[in-house]
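Here is a short briefing on aromatic rings and their surroundings.

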Amino acid sequence: MRNKKVTFIVQAAVIAALYVVLTMLANALGLASHTIQVRFSEALCILPVFTTAAIPGLWIGCVIANLMTGAIIWDIIFGSLATLVAALVTYKLREHKFLCTLPPVIANMIVVPFILRYGYGIPPVYLKGIDVTIPFNALTVGIGEVISVCILGSILLRVLQKYRSVIFKND
């Protein structure tokens, strides 16, 4: 019993650390916080398919990464909550190999545009006189998430599936 708890804590900590390191790498390359955000760390959002330890690991990793990249408080709180909700839904969809990649995309498309517009004060985008800032940001965030989660995450999912019994043997 104790061994299982230790394994859970270690897996969550490793996932959180990987999330932070991969976000910092994307940030250093200028990919983590522009119009189309491609955070390599978001590929890890498929990990709840393999272990429940990924749920707190992703959430804590997102909180730390947002703190380290200078995010505003609203981004730290609501961006991290979006990651937590996405991880929970991904876990529920773990039997569906493609559907499990969608919760992070959808959660971030819903939450991040509001953070960008009202938290960071991204200037409004107008199309024929209509403010389309939120839908535009949802589209750009969605593009980055599809690259990070649906493409890179699916590759990671396929690779980890081969080693599931070795890496995630307690789940």
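Predicted model: local features only at pLDDT ≥ 70, side-chain atom pairs only at ≥ 80, totals over all residues.

Residues are numbered from 1 along each chain as its sequence is written, and side-chain values use heavy atoms, leaving out hydrogens and water.

A search of the whole structure gives 3 aromatic pairs. Rings of Phe, Tyr and Trp (its six-membered ring) pair if their centres lie within 6.5 Å; planes under 30 degrees apart are stacked, over 60 edge-to-face, and the rest tilted.

**F50 and F168**
- The ring centres of F50 and F168 are 5.1 Å apart and the planes lie at 10°, so this pair is stacked.
- The pair links distant parts of the chain, 118 residues apart.
- F50 is in the loop between α1 (2-28) and α2 (54-68), and F168 is in the segment after α6 (164-167). Helices are DSSP runs of H or I, at least four residues, numbered from the N terminus.
- F50 is buried at 3% relative accessible area, and F168 is buried at 7%. Buried means under 20%, exposed over 50%, partly exposed in between (1.4 Å probe, protein chains only).

**W74 and F78**
- W74 and F78 are stacked, because their centres are 6.1 Å apart and their planes are at 20°.
- Both residues lie in helix α3 (residues 73-92), 4 residues apart, about one turn of the helix.
- W74 is partly exposed at 48% relative accessibility. F78 is partly exposed at 40%.

**Charge over a ring**
- R94 places its charged end over the ring of Y91, 3.9 Å from the ring centre. The cut-offs are NZ of Lys or CZ of Arg within 6 Å of the ring centre and within 35 degrees of the ring normal.

Terms used
Helix = DSSP H or I, 4+ residues; strand = E, 2+ residues; numbered from the N terminus.
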